Amino acid sequence: MKRTKNILSVIMYVSIALLLAITAIFETETLLPGDLTASKNAEFLTVSLMEVITICLIPASLRLFKVKKISMKLQAEPEKELLRWGSIRMMMLCVPMVANTLLYYLFINVAFGYMAIIGLICLIFVNPTMARCISETSYKK
């Protein structure tokens, strides 16, 4: 179980480090922010798509382990299934968070920034501690 917890923690912390690296690169103007601000159609479509993706994936990832089929698998093979489904859950939160951060700097649109912050806040609720790993794989009525 400790190995699984460590892998899930690495996924989370690497995503946060990537987010900070993107921020540092654009804030130090190593890459110039706002490269895509001229294309308003692309900006509108991207904002709309990322809003839908973010709004759908956050609640789905937070409720993922409540799905009966997944819950049964977690109880049957805790270590293997927690690694699989925990990684999926982390990716459901981390990939849009990093993408929103990058898109914020490319379009300079605060909607992307807010969605990235919301994704970062949601990571608090799935932080892979040992107690959480044990409780998510134990029997629940």
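**Figure 1. Residue K40 in helix α2 of the predicted model.** With a relative accessibility of 56%, K40 counts as exposed, because a residue over 50% is placed in that class. This residue is found in helix α2. The structure shown here and in the other views is a predicted model. Along the chain, K40 and F107 are 67 residues apart, and a distance of 9.2 Å separates their C-alpha atoms.

**Figure 2. Helix α2 and its buried residues.** Helix α2 comprises 23 residues, numbered 40-62. The buried residues of α2 are E43, V47, M50, T54, I58 and S61. They pack against two other helices, α4 (78-107) and α5 (110-122).

**Figure 3. The contact of helix α2 with helix α5.** The axes of the two helices come within 10 Å and cross at roughly 10°. Helices α2 and α5 are therefore roughly parallel to each other, since angles under 35 degrees count as such. On the side of α2, the contact is made by T46, V47, M50, E51, T54, I58 and L62. On the side of α5, the residues are A111, F112, M115, I118 and C122. Sorted by class, the contact holds nine nonpolar, two polar and one charged residues.

**Figure 4. The surroundings of residue N100.** N100 lies in helix α4. Its relative accessible area is 0%, and N100 is therefore buried, the limit for this class being under 20%. Apart from neighbours within four places in sequence, N100 is in contact with M50, T54, F112, M115 and A116.

Figure 5. A disulfide is a covalent bond between the sulfur atoms of two cysteines. Which cysteine sulfur is closest to that of C56? It is the sulfur of C122, at 13 Å, which is too far for a bond. For C94, the closest cysteine sulfur is likewise in C122. The distance there is 11 Å, again too far for a bond, because the two sulfur atoms would have to be within 2.5 Å. The count of disulfides comes to zero. Is each cysteine buried or exposed? C56, at 48% relative accessibility, counts as partly exposed, whereas C94, at 1%, counts as buried.

Notes: Residues are numbered from 1 along each chain as its sequence is written. This is a predicted model: local features need pLDDT of at least 70, side-chain atom pairs count only at pLDDT 80 or more; totals for chains, interfaces and linings use all residues. Side-chain values use heavy atoms; hydrogens and water are left out. Helices (H or I, at least four residues) and strands (E, at least two) are DSSP runs, numbered from the N terminus. The expected span of a helix is 1.5 Å times one less than its number of residues. Buried means under 20% relative accessible area, exposed over 50%, partly exposed in between (1.4 Å probe, protein chains only). Contact means heavy atoms within 4.5 Å. Axes are lines fitted to C-alpha atoms, for helices over the stretch in contact, and angles run from 0 to 180 degrees between N-to-C directions. Angles under 35 degrees count as roughly parallel, over 145 as roughly antiparallel, 65 to 115 as roughly perpendicular and the rest as oblique. Ala, Val, Leu, Ile, Met, Phe, Trp, Tyr, Cys and Pro count as nonpolar, Asp, Glu, Lys and Arg as charged, and the others, Gly among them, as polar.
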